[in-house]
Amino acid sequence: MTVIDPDTAQAAWAADLDDEIDDVDDMPLSTRLSIADTLTLGNAICGFMAVYFTTTGVLVPHLMGNADANGGMARHSAATAVLLMLMASVFDLFDGLVARKLRSSAMGAELDNLSDLISFGLAPAYFVVVWGLVADDAHGRVSAVAAVVVLLAVVLRLARFSCTTVRDGIFQGMPSPFGALTVISVVLLQLPFIPTVLAILAIAWLMVSRVEYPKPRGRLALITLAWIFLSMACLVCWAFAVPGGDLLLQTGAALQIIAAALIPLFATTRRVNTIRNNRREARTAELP
């Protein structure tokens, strides 16, 4: 039988603890969380909680037959889930701004992609799945396929964003936060099932396309932030059945979809005009 000296064991344990503390102290600053990383983690938390409220407040009461006859519980929970996705987009907007002004750790880009996958990939896709299960005219399997397409589009978009370089100031393809909110807007608009699924698939295609979207910087960032808070106000009015709340929600959802379609058209038109002007200037310079 082996006898262990308590004093020797305690000394060895203390030495191991000192080594671990030294390892923590020697951790490079680039791998420690920055302020921007903390905002990115807030993005991930909002995405997870959106899935939680969609499950507990919409799906579970529907499956158990305990949903409010007036849709109150489902309405409040659905609005909360969408509000959380909107909050995730606010975190996503500010973490980039903070990272440019201050500093970001070496993990910043990876954390941002992982958080975006939760908040703007998993959460909206799950919302579409639940919509397909609880809506009267929806088909669960078809909506599940549409949800998978949305999730894969976000995965492919984030992967492509990490390994390609594009012109400064633009996104190639619809940004995943904008795409996620547009998918949710299509569902909340309560169109017939087939047009809704086709619109969701079109948004997924836009996210992986080469259509250019401007990055929200400067004045555009302020407009984006104002639009997010306006959307939150519309959701709150809808959740608490404020008179005209349904109309406000449908108007906001329709404007979101219209913006998703028109923004790339304006960006493309501006780029074409810029190319034409450059060619005219080049030709003018070549003339004697």
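Eight elements each supply at least two residues of the lining of the largest pocket: helix H2 (35-64), helix H3 (72-101), helix H4 (108-134), H5, helix H6 (176-188), strand S2 (212-214), helix H8 (219-239) and helix H9 (245-286). Keep in mind that this is a predicted model, where local features need pLDDT of at least 70, side-chain atom pairs count only at pLDDT 80 or more, and totals for chains, interfaces and linings use all residues. Residues are numbered from 1 along each chain as its sequence is written, and side-chain values use heavy atoms, with hydrogens and water left out.

**The largest pocket**

- The largest pocket holds about 1200 Å³ of space; the volume is what probe spheres set on the grid points fill, with points joined across faces, edges and corners.
- A pocket here is an open set of points on a 1 Å grid over the protein atoms alone, where a 1.4 Å probe fits and protein lies on both sides within 12 Å along at least five of seven lines; lining residues have an atom within 4 Å of a point.
- Of the 40 lining residues, Asp92, Leu93, Phe171, Pro175 and Pro216 are the closest to the centre of the largest pocket.
- H3 is the top contributor to that lining, giving eight residues.

**The chain as a whole**

- You'll find nine helices and two strands in the chain, taken as DSSP runs numbered from the N terminus (helices are H or I, at least four residues; strands are E, at least two).
- Going along the sequence, the pattern reads α-α-α-α-α-β-α-α-β-α-α.
- Of the 288 residues, 38% count as buried; that label means under 20% relative accessible area, with exposed over 50% and partly exposed in between (1.4 Å probe, protein chains only).
- For contacts in the chain with a separation of 6 or more, 80% come from residues 24 or more positions apart; a contact means heavy atoms within 4.5 Å.
- The chain's accessible surface is about 16700 Å², and 67% of that belongs to carbon and sulfur atoms; the areas come from the Shrake-Rupley method with a 1.4 Å probe, and for residues only the protein chains shown count as cover.

**Aromatic rings**

- There are four aromatic pairs in the structure. Rings of Phe, Tyr and Trp (its six-membered ring) pair if their centres lie within 6.5 Å, and planes under 30 degrees apart are stacked, over 60 edge-to-face, and the rest tilted.
- One of them is Tyr52 with Phe53, edge-to-face at 5.3 Å centre to centre and 80 degrees between the planes. Tyr52 is partly exposed at 42% relative accessible area, and Phe53 is partly exposed at 27%.
- Another is Phe161 with Phe171, a tilted pair at 6.2 Å centre to centre and 45 degrees between the planes. Phe161 sits in helix H5 (residues 140-163) and Phe171 in strand S1 (residues 170-172), so the pair ties together parts that are 10 residues apart in sequence.
- Phe161 is partly exposed at 43%, whereas Phe171 is buried at 16%.
- Lys215 lies over the face of Phe171, 5.3 Å from the ring centre; the cut-offs are NZ of Lys or CZ of Arg within 6 Å of the ring centre and within 35 degrees of the ring normal.

**Two buried residues**

- Ser176 belongs to helix H6 and is buried at 3% relative accessibility. Leaving out residues up to four places away in sequence, Ser176 touches Asp116, Phe120, Val154, Arg157, Leu158 and Met207.
- Cys46 is in helix H2 and is buried at 8%. Beyond residues up to four places away in sequence, Cys46 touches Leu84, Met87, Ala88, Phe91 and Ser119.
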